[in-house]
Each structure stands twice: as structure tokens, then as C-alpha cells.
Amino acid sequence: MSFFITFEGGEGCGKSTQARLLYKRLKKMSVPALLIHEPGVTALGKRVTSLLKWSQDIKISPLAELFLFNVSRSQLVTEVIKPNLEKETNIICDRYSDSTTAYQGYGRGLDLSDVKRVNSIAMQGVVPDLTILLDVPIEKGLERKKKVRTDRFQTQSRAFHQRVRNGFLKLAEAEIKRWLVIDATKSKEAIARIIWERVNKLIKK
Ligand SMILES: Nc1ncnc2c1ncn2[C@@H]1O[C@H](COP(=O)(O)OP(=O)(O)OP(=O)(O)O)[C@@H](O)[C@H]1O
Ligand SMILES: [Mg+2]
């Protein structure tokens, strides 16, 4: 049976770093795996990403944002996630629906049940087997990202990022079986070890 693992957390918490480390480790063991991220990957997803992240010149309402992320997601599930899981390729995804709940729900303030309903349509029943939350104080995460090009989300207020962080923690608390919450102020190596311990169990199951 294949597994679907997602990485979640605020800006600069280390999602891409840890997703890559886990992917490499699986590959080294010849475990079939695919590393993807949200939004993006598919041709449609890439177009939508450029709107979501880099279009500072056009207005995008919170509701429109919710739909745009889910446009990218629905295409990714249909085109990449489902077919790969079906052929026993494990998927590691850097952000997924929980990011939308945290950012557009808790962060932007959209109705949480609306957000979850729209997410659920786009997910088409594909729920992660494991979601890793890399939890880090917002200043620390934003500081780590200082060197990269600033997108539409990084420039949000401190209060926005704080709501997102608290939102992720609430989501994890509500579904403790699916989530692994890690203190992401730890070193990259220490975090990778904690993740591996859990993933190794998942593989052996
Ligand atoms: N545990 C860690 N300790 C210190 N620095 C880290 C740690 N993990 C990642 N970094 C560094 O922080 C920066 C951001 O990491 P990364 O890109 O993995 O975060 P991210 O969560 O994917 O960010 P984004 O929200 O932009 O997608 C990188 O320069 C990375 O090398
Ligand atoms: Mg990243």
C-alpha cells in the first residue's frame, strides 16, 4: 500500500528542506516516491501559482484565494496524486489542504466550514496518511526566509502569521492521529531524525 505524507507549517519553518531530505532517504532505500508541492506542479497549477504568489498588481479576495488554491489542488489530485498512489508510488507533498485551512480560514478569516468544504471537494477523498507540522515562532521562520523573493503571503502582518500558526496547532490538536507536530527550532538533522522514526513505522505497517 502506498502512503501520502504532507508537510505543513508557516513561512520558513523548513517544509521544503525536510520534504527533500525525506524524499532522498526513501529514494536511497529504493522506496518508490514522488516529491511535489502546492500550489503548482501541473501546467494549470503553475499558472494559478503565478497569480497567487506573484501578482501584487491585481486584487484577489480571500474567497477568490480559497478557490484558486483549490483549482491548483483539484488538478494536482486528479493528474498526479491519485494516479501515482494507485500505482504504489508514495507521495510527499510540500503543503496541502491544511495550509488552505490555516491561511485562508484562520489567517484571512473565512468561515472554517466553508473552507473545509471547498478543500474537501478538491481533495476528492485523498486524505494524507501523515501530516508533519513544523512549528516555529513566526519571527524565526520569516527571518530564515529573508534572502528569498518576497511573495504575497510573506508580506502579511505579524497578526496574520500568528493566526496561521495557531490555526495549524488547532488542526493538529483536533486530529492527533494524522499529525506529527515537531518543534522546528531544532536542527535540520534532529528534525529529520524525528520524521524518519515515524515514517519508518508507516512503511513497515
Ligand atoms: N531546522 C532548521 N534550522 C535552521 N535553518 C533551517 C532549518 N530548516 C530550514 N532552514 C533554513 O531556513 C530556510 C527556509 O527553509 P525552507 O525553504 O525549507 O522552509 P519552508 O517552510 O519550505 O519555507 P516556505 O514557507 O517559503 O515554503 C532555508 O534557508 C533553510 O536552509
Ligand atoms: Mg518551501
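User: How many aromatic pairs does a search of the whole structure find?

Analyst: This is a predicted model, in which local features need pLDDT of at least 70, side-chain atom pairs count only at pLDDT 80 or more, and totals for chains, interfaces and linings use all residues. Residues are numbered from 1 along each chain as its sequence is written, and side-chain values use heavy atoms, with hydrogens and water left out. The search finds five aromatic pairs, where rings of Phe, Tyr and Trp (its six-membered ring) pair if their centres lie within 6.5 Å, and planes under 30 degrees apart count as stacked, over 60 as edge-to-face and the rest as tilted.

User: What makes F4 and Y96 an edge-to-face pair?

Analyst: Their centres are 4.9 Å apart and their planes stand at 85 degrees, which is over 60 and therefore edge-to-face.

User: Why does F153 count as buried?

Analyst: Buried means under 20% relative accessible area, exposed over 50%, and partly exposed in between (1.4 Å probe, protein chains only); F153 has 6% relative accessibility, so F153 counts as buried.

User: What makes R152 a charge over the ring of F153?

Analyst: R152 lies over the face of F153, at 5.4 Å from the ring centre, and the definition asks for NZ of Lys or CZ of Arg within 6 Å of the ring centre and within 35 degrees of the ring normal.

Terms used: Chains are lettered from A and ligands numbered from 1 in the order in which they are written.
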